Amino acid sequence: SGQDSESGKENSENEKDVESEGGDAETEKVGDETKEVEKEKSEEEDDHERIRQEKLAEKQRKERIREEEKAEKHRKERIKLLEKAEKERKEAAQRLEIEAFHDRVELEFKKRQHDKNSRLKAKQAIESMEKELAECEEG
């Protein structure tokens, strides 16, 4: 039985030698296949990462577009508000101008009315004095 284990060891060693001699080509072939599979896997992972990056970039681009559209909408709203405020300011200025014109016309009218009244009073005063003078001359 001691010999059996010895011869078993030898057989095992002989098999290992055979495997290493013929196995080198086999191991190399398996190694090449493993490298090829790893390369394909790496390329696939790279493709997935590239696709993920592209999707992310597209999402960010769409978000930028949305933000730009939102900013453009706000800008247009501000412009409308500014235009409305400018229109209201012009209308208010025009109303003030019209009111000022009416005030000037009213003042001028009152001045002329006053002048007319003053002339009338002066005329009446003259007539009254003339009447008094005539009464005095008669009397």
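Select Arg50 to begin: this residue is partly exposed, with a relative accessible area of 42%. Here buried means under 20% relative accessible area, exposed over 50%, and partly exposed in between, with a 1.4 Å probe and protein chains only. The model is predicted, so local features need pLDDT of at least 70 and side-chain atom pairs count only at pLDDT 80 or more, while totals for chains, interfaces and linings use all residues. Residues are numbered from 1 along each chain as its sequence is written, and side-chain values use heavy atoms, leaving out hydrogens and water.

Arg50 and Glu54 form a salt bridge, and their closest N and O atoms are 3.1 Å apart. A salt bridge here is a side-chain nitrogen of Lys or Arg within 4 Å of a carboxyl oxygen of Asp or Glu. The two residues are four apart in helix 1 (residues 2-138), which means a separation of about one helical turn. Glu54 is partly exposed as well, at 44% relative accessibility.

Now move to Glu72 and Arg75. Their salt bridge has its closest N and O atoms 2.7 Å apart. This pair is three residues apart in helix 1, so about one helical turn separates Glu72 from Arg75. Glu72 is partly exposed at 31% relative accessibility, and Arg75 is partly exposed at 36%.

Next, select Glu86 and Arg89. A salt bridge links them, with 2.8 Å between the closest N and O atoms. Both lie in helix 1, three residues apart, about one turn of the helix.

Then select Glu26, Glu28, Asp32, Glu33, Glu36, Glu40, Glu43, Glu44, Glu45 and Asp46, which gather in a patch of negative charge on the surface. Patches are made of residues with over 30% relative accessible area and no salt bridge, with like charges joined within 9 Å and nonpolar side chains (Val, Leu, Ile, Met, Phe, Trp, Tyr) within 5 Å. Asp and Glu count as negative, and the place of a charge is taken as CG of Asp or CD of Glu. Within this selection, Glu36 is found in helix 1 and is partly exposed, with a relative accessible area of 41%.

Finally, show the whole chain. It has one helix and zero strands, where helices (H or I, at least four residues) and strands (E, at least two) are DSSP runs numbered from the N terminus. Of the 139 residues, 1% count as buried. The accessible surface, from the Shrake-Rupley method with a 1.4 Å probe, comes to about 13,500 Å², of which 51% belongs to carbon and sulfur atoms. The structure holds nine salt bridges.
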